[in-house]
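Thanks for coming. I have one structure to go through today, so please bring it up on your screens.

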Amino acid sequence: MANVSNTRGDITRHPDVPEMRDRYARMLGGRDVALVDGPVFLLGLYCAASPWILHYTASQPAMMTHNLIMGIAIGLLALGFTVNPARMYGLSWAMCAMGVWMIVAPWIVGSSPDAGVVLNNIVIGVLAVVMGFLCATAAAKSTPQT
């Protein structure tokens, strides 16, 4: 039977301390950019809802569909970053490419977009590029070099 009567707060002599430290290190491994996952999801959510927030659903139907699809894609990337970060952080560069596409999309997808639509997509695109770059550089730093 184990001696559980010792009520001191010091567990350094506990026989499972090395195993607990290793498990803790494994659990946190690859989560250098965990704080970016939430903002990436919110960015995708805003991108998908922005045509209704800024009221350009009637004037730019192609941009409405475009932003909805891109927002869902960014949100799915964020969920992937959260659920399986070791496999998904390689797609961080894809989010950078999606951000660049968001910047140029009003002139390619839209038909004579007004300043509000252009500014909205530029802000979303720049934020996507920055967050994708943060995820990609942190993933590159945490990948072991062989």
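I will start with a pair. Helix α3, residues 61–83, and helix α5, residues 92–108, have axes that come within 11 Å and cross at roughly 165°. Keep in mind that this is a predicted model.

How do α3 and α5 run relative to each other, parallel or antiparallel? An angle over 145 degrees counts as roughly antiparallel, so α3 and α5 are roughly antiparallel to each other. The crossing of α3 past α5 is left-handed.

Which residues meet there? On the α3 side, they are M63, H66, N67, M70, A73, I74, L77 and F81. On the α5 side, find S92, M95, M98, W101, M102, A105 and P106.

Now the record. An unreviewed UniProt entry lists residues 33–54, 66–83, 90–109 and 121–140 under "transmembrane region". I looked at two of those spans. Residues 66–83 are 100% helix and 0% strand, with end C-alpha atoms 26 Å apart. Residues 90–109 are 85% helix and 0% strand, and there the end C-alpha atoms are 28 Å apart.

Next, the chain as a whole. How many helices and strands does the protein chain have? The count is 6 helices and 0 strands, so the pattern along the sequence reads α-α-α-α-α-α.

Of the 146 residues in the protein chain, 34% are buried. The chain exposes about 9300 Å², and carbon and sulfur atoms supply 68% of that area.

Last, contacts. Take those between residues at least 6 apart in sequence: 64% of them join residues at least 24 apart.

Technical notes
Residues are numbered from 1 along each chain as its sequence is written. This is a predicted model: local features need pLDDT of at least 70, side-chain atom pairs count only at pLDDT 80 or more; totals for chains, interfaces and linings use all residues. Side-chain values use heavy atoms; hydrogens and water are left out. Helices (H or I, at least four residues) and strands (E, at least two) are DSSP runs, numbered from the N terminus. Buried means under 20% relative accessible area, exposed over 50%, partly exposed in between (1.4 Å probe, protein chains only). Contact means heavy atoms within 4.5 Å. Accessible areas come from the Shrake-Rupley method with a 1.4 Å probe; for residues, only the protein chains shown count as cover. UniProt positions are given in the numbering used here, feature names are shortened, and annotations may be inferred rather than shown by experiment. Axes are lines fitted to C-alpha atoms, for helices over the stretch in contact, and angles run from 0 to 180 degrees between N-to-C directions. Angles under 35 degrees count as roughly parallel, over 145 as roughly antiparallel, 65 to 115 as roughly perpendicular and the rest as oblique. A crossing is left-handed if the near helix is turned anticlockwise from the far one by less than a right angle, and right-handed if clockwise.
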